[in-house]
Amino acid sequence: MPNVYFDFFDIADDTRRQRIFEGDIFLSSALSSVTSLCDFAKSMIEEAFFPADPQEAQFHLAVEEFINIIGPLKSRFTNHGRTKELVRNVISEFGGDLDRTYFDVPRLRVVTHGGYLTAGVGYAYRPHRDIWYASPTSQVNWWTPVYRLEAERALSLYPNYWGRRVQNSSREFDYDEWCRIGRQQAASQIESDTRRHPLAEEEISTDGELRPVCDAGAMISFSSAQLHATAANTSGLTRFSLDFRTLHLDDLESGTGAHNVDSAATGTTLGDFISVSNFSALPTELIRSASLVNK
Ligand SMILES: [Fe+2]
């Protein structure tokens, strides 16, 4: 059964990754670098919704108007040069090796209250492992709320399913096809999401579901093989969160990572990762060899 570590800031990054690959979850109070990243996101969010309160704007806007705000907002945040620098500071403050660690640009997630928008740019993720989306098994997920969470607008983790096979549709997921078709369609999905997300094909039990409820800037770190989902938002406010992923070259080169018990996804997200130190892509040769052994 996975363990939850709280505020283990002095742990070596190698040890933390090893435990994460064994299913453990790390919760960390807000560090200054994460607060800076969240504050940067918050300033963009508040500017985009001005003069409305972003957490309440959904109650005053037609869903199409809401999408027209968050679609460009999400892209602007993800692609902003300052965002990458702030992520670098986060990885550094958590003790990551800047020359050996790679990350993908962070995503801003928007989860509305009460099913106002659950598709496309506001997609509410059903239980999944990131490896079902062709993420490598050596990936670590970093997730933080931009505003304080409530249990009714949280991230759900299902550690009971660690190492336990779940019947799922990842065999139909191909990352190259997803990039070609799926992402472009996100902004046009309003009422239902027709993109082929990999999904569980069996009932997921909520016994043992874990919802860390924390303040803005707190960090939840877990493996790409950890089953997780967007908790249905019934809080009365829109949820805004950030997440990004990291990889360590040592793990890629040695084929170290979580055990893949049930993903049959094809393709790889490795091409999305950039160096923390200079933002260059992973060497192509490494992507090719790692995608063979690191599945
Ligand atoms: Fe995920």
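1. Let's start with a cysteine. The sulfur of cysteine 38 lies 9.9 Å from the closest cysteine sulfur, that of cysteine 214, which is too far for a bond. A disulfide is counted when a pair of cysteine sulfur atoms is within 2.5 Å, and a search of the whole structure finds zero of them.

2. Please keep in mind that this is a predicted model, where local features need pLDDT of at least 70, side-chain atom pairs count only at pLDDT 80 or more, and totals for chains, interfaces and linings use all residues. Residues are numbered from 1 along each chain as its sequence is written, and side-chain values use heavy atoms, with hydrogens and water left out.

3. Is cysteine 38 buried or exposed? Cysteine 38 is buried, with a relative accessible area of 3%, while cysteine 179 is partly exposed at 27%. Here buried means under 20% relative accessible area, exposed over 50%, and partly exposed in between (1.4 Å probe, protein chains only).

4. Now look at strand β4, residues 140-145: six of its six residues are buried, so the strand is largely enclosed by the rest of the structure. Strands are DSSP runs of E with at least two residues, numbered from the N terminus.

5. In a regular strand, side chains alternate between the two faces of the sheet. Both faces of β4 are covered, with Val140, Trp142 and Thr144 buried on one side and Asn141, Trp143 and Pro145 buried on the other.

6. Who are the neighbours of β4? Strands pair if DSSP finds at least two bridges between them. β4 pairs in the antiparallel sense with β6 (residues 219-223) over four bridges, and likewise with β8 (residues 239-248) over six bridges. Asparagine 141 stands opposite phenylalanine 222 in β6, and its bridge partner in β8 is arginine 245.
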